[in-house]
Amino acid sequence: MFIVITSQNKRTITPHAGKCRKFWRYELSGKEIIGKQLIEAEKEDTFSQSGLILDSLRPMDILVTAGMGDRLREKLSNIGVHVIVTQDTDPDDFIKSLG
């Protein structure tokens, strides 16, 4: 399973998923983290601009963020990506809490 987390500051789970340019992608096998990768996008590739970031984030089963607009949530849902909006702040702790 692949979980992508918005993290504009590379430390915490951040809001404004549409404008976010930095994401952590975790690869999980069962409950074990087997990979973690930072993915960065140019401003013009963000969801709110061209949306080209989507190609860089795939594969992606779940997108975790602290805030997202309805249109982006619907777009992701339509392609089979489950969205989780959380008040948690630490990406690693959030992933561990899924177990």
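Reader: Why is Phe47 called buried?

Author: Phe47 has a relative accessible area of 10%. Buried means under 20% relative accessible area, exposed means over 50%, and partly exposed lies in between, with a 1.4 Å probe and protein chains only. Phe47 is therefore buried. The model is a predicted one, in which local features need pLDDT of at least 70 and side-chain atom pairs count only at pLDDT 80 or more, while totals for chains, interfaces and linings use all residues. Residues are numbered from 1 along each chain as its sequence is written, and side-chain values use heavy atoms, with hydrogens and water left out.

Reader: What makes Phe23 and Phe47 an edge-to-face pair?

Author: Rings of Phe, Tyr and Trp (its six-membered ring) pair if their centres lie within 6.5 Å; planes under 30 degrees apart count as stacked, over 60 as edge-to-face and the rest as tilted. For Phe23 and Phe47 the values are 6.3 Å centre to centre and 90° between the planes, so the two rings pair and the pair is edge-to-face. The search of the whole structure finds 1 aromatic pair.

Reader: Where in the chain do Phe23 and Phe47 lie?

Author: Phe23 is in strand E2 (residues 22-29), and Phe47 is in the loop between strand E3 (32-40) and helix H1 (53-57). They are 24 residues apart, and the pair links distant parts of the chain. Helices (H or I, at least four residues) and strands (E, at least two) are DSSP runs, numbered from the N terminus. Phe23 is buried because its relative accessibility is 0%.

Reader: Why is E2 described as largely enclosed by the rest of the structure?

Author: Of the 8 residues of E2, 6 are buried, so the strand is largely enclosed.

Reader: How do you know that E2 pairs with E3?

Author: Two strands pair if DSSP finds at least two bridges between them. E2 and E3 have 8 bridges, in the antiparallel sense, so they pair. Within this pairing, Glu27 stands opposite Gly35 in E3, and Tyr26 stands opposite Lys36 in E3. The hairpin of E2 and E3 has 2 residues between the strands, and Gly30 takes a positive phi near 65° there. Strand E1 (residues 2-6) also pairs with E2 in the antiparallel sense, over 5 bridges. Phe2 stands opposite Glu27 in E2.

Reader: Which residues touch the most other members of the largest nonpolar core?

Author: They are Phe47, Leu57, Met60 and Leu76, in a core of 17 residues. A nonpolar core is a set of buried Ala, Val, Leu, Ile, Met, Phe, Trp, Tyr and Cys residues joined through side-chain atoms within 4.5 Å. H1 and helix H2 (70-78) each supply at least two residues of this core, and H1 gives the most, with 3 residues. A second, separate core of 10 residues includes Ile3, Ile5, Leu28 and Val64.

Reader: Why does Thr46 count as buried, and what does Thr46 touch?

Author: Thr46 is at 2% relative accessibility, so it counts as buried. Contact means heavy atoms within 4.5 Å. Not counting residues up to four places away in sequence, Thr46 touches residues including Gly18, Cys20 and Ile53.
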